[in-house]
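Welcome! Please have a look at the model below, and then we will walk through it together, one region at a time.

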Amino acid sequence: MEALRRVALNITSSREREELFSSIVRSIVALLGCDSSGIGLFDAERQMVSIPAVYNLPDYFIGSRYKLNADILSQAIQNRREQRLGDYQMALHQIKEFADAGIRSIAVVPLVARGKILGVIWASMLSPERMFSDYDMVLLESIGAQAAASIDGIYLFEEQRYISEMLQRGFLPGRLPKLIQTDIGVFYASATEAAVVGGDFYDAKQVPDHLISLFVGDVSGKGVAATADAAMVKYTLRAISFENPDPAHVLTRANEIVIQQLTSGHFVTVVFGSYDPETGSLALSIAGHPHPLLYSASGGNTAPIIKEDPAFGLISHYEYSDTEVTLSAGDILALYTDGLIELRRDKEFFGEARLGELIARYSDLGAQEMADRIISEAKEFASNRLTDDIVLFIIKRTG
């Protein structure tokens with residue numbers, strides 16, 4: 001029982017395909033005491049079985065594919081039942097590579113999750129002395145049940161991540177506007193760990209009176225629902241800003257629309273700005289979002305712009321306020337999502353203060369190079385693990 005518990009823990013804790021497959025085949029050998037093992041994934045559309053991982057078998061197995069036929073793997077898939085043979089060398093229907101590898105005794109169980117056949121796992125012996133017993137089959141089926149659930153979970157996660165990433169690519173802006181006396185740099189990335197991608201978004205568009213509306217936001221939650229909410233919020237903000245780009249007006253009006261449309265339990269943090277590239281004047285309104293950071297070229301320091309207005313989706317009929325700053329030559333404004341400042345090294349956060357120090361350190365660089373340098377240091381700080389989406393939006397006044 002303890003051995004089964006350890007096997008289950010190893011399999012269910014695996015978060016990537018290769019790691020999971022390796023854990024499955026190693027667990028089979030460890031638990032059954034057999035010589036070798038493998039896993040085959042079933043492609044229902046092509047009616048084929050592919051081999052992503054084996055243990056103690058030749059490397060040529062990896063990546064090999066077999067058309068569904070009458071062999072023992074195919075029988076397990078077609079019948080959805082365990083299969084075993086005492087001497088594979090005498091099998092009527094062989095997979096040549098199995099016979100060439102010297103496999104003798106073999107036991108196969110199907111992998112089934114939510115009624116769908118995902119593939120098979122097998123245990124094998126390279127000598128004829130041992131047959132697989134009924135007890136061995138119970139153990140193998142136990143591993144198969146854990147493996148099927150974990151593989152199905154990874155498939156679901158990958159599908160959701162793919163859908164979310166396609167949605168995000170569709171609503172992220174294309175080419176940012178080129179502005180006089182102003183340099184813009186942006187970094188955006190989806191999470192690379194098993195946290196499903198979420199709802200970070202940004203935009204910068206020219207609106208009437210030569211103003212630029214710009215914003216960075218983050219929808220709470222993860223996955224397709226958060227991504228869809230982010231798209232809804234983005235286009236709501238954009239549409240209202242073409243009527244009247246005043247940040248307080250945009251957020252106040254958008255809140256009444258968004259609060260009725262958000263997925264249950266979600267809320268949205270946003271920082272919205274209206275920027276005049278001719279004068280450098282910038283009005284900002286902040287809805288529960290991490291504080292924008294303003295670097296003063298004359299003072300050589302970075303300070304947060306603090307507003308206490310709540311996020312979207314929390315309070316109906318709320319009147320948002322704004323604040324105004326003027327960017328002089330060399331001044332820098334940084335907008336970002338919490339995925340950046342909440343990057344972790346052990347128990348230490350990357351943090352707002354460290355971000356402010358890096359803005360000051362790289363203030364002589366162009367906006368895009370500055371954003372890239374900051375993100376490079378943030379990734380190094382977190383051992384290259386991004387556990388949440390990240391947006392970093394840099395505006396630098398150049399004249």
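In which helix does Ile163 lie? Ile163 belongs to helix 5, which covers residues 134–171. Before going further, keep in mind that this is a predicted model. Together with Tyr162 and Met166, Ile163 forms a nonpolar patch on the surface, and the three have about 280 Å² of accessible area together. Is Ile163 itself buried, partly exposed or exposed? Its relative accessible area is 35%, so Ile163 counts as partly exposed.

Let us now move to strand 1, made of residues 36–43. This strand is mostly covered, with 7 of its 8 residues buried. Which strands does strand 1 pair with? One partner is strand 6, and the two pair in the antiparallel sense over 6 bridges. Within this pairing, Gly40 has Val120 of strand 6 as its bridge partner. Another partner is strand 2, residues 48–55, which also runs antiparallel to strand 1 and is joined to it by 6 bridges. Here you can find Ile39 bridged to Ala53 in strand 2.

Strand 1 and strand 2 form a hairpin with 4 residues between the strands. In this hairpin, look for Gln47, which takes a positive phi near 55°.

Is Ser64 buried or exposed? With a relative accessible area of 12%, Ser64 falls under the 20% limit and is therefore buried. What does Ser64 touch? Leaving aside residues up to four places away in sequence, Ser64 touches Val49, Ser50 and Ile51. The side chain of Ser64 also makes a polar contact with the side chain of Tyr66, at 3.1 Å.

Two further loops are worth a visit. In the loop between strand 5 (106–113) and strand 6 (116–124) sits Arg114. Although Arg114 is not a glycine, it has a positive phi of about 50°. Its relative accessibility is 65%, which is over 50%, so Arg114 counts as exposed.

The other stop is His317, in the loop between strand 13 (301–304) and strand 14 (323–326). His317 is not a glycine either, yet it has a positive phi of about 60°. How exposed is His317? Its relative accessible area is 66%, and His317 is therefore exposed.

Methods: Residues are numbered from 1 along each chain as its sequence is written. This is a predicted model: local features need pLDDT of at least 70, side-chain atom pairs count only at pLDDT 80 or more; totals for chains, interfaces and linings use all residues. Side-chain values use heavy atoms; hydrogens and water are left out. Patches are made of residues with over 30% relative accessible area and no salt bridge: like charges are joined within 9 Å, nonpolar side chains (Val, Leu, Ile, Met, Phe, Trp, Tyr) within 5 Å. Accessible areas come from the Shrake-Rupley method with a 1.4 Å probe; for residues, only the protein chains shown count as cover. A salt bridge is a side-chain nitrogen of Lys or Arg within 4 Å of a carboxyl oxygen of Asp or Glu. Buried means under 20% relative accessible area, exposed over 50%, partly exposed in between (1.4 Å probe, protein chains only). Two strands pair if DSSP finds at least two bridges between them. A polar contact is a pair of N or O atoms within 3.5 Å; within protein, one must be able to donate a hydrogen and the other to accept it, and residues adjacent in sequence count only if both atoms are side-chain atoms. Contact means heavy atoms within 4.5 Å.
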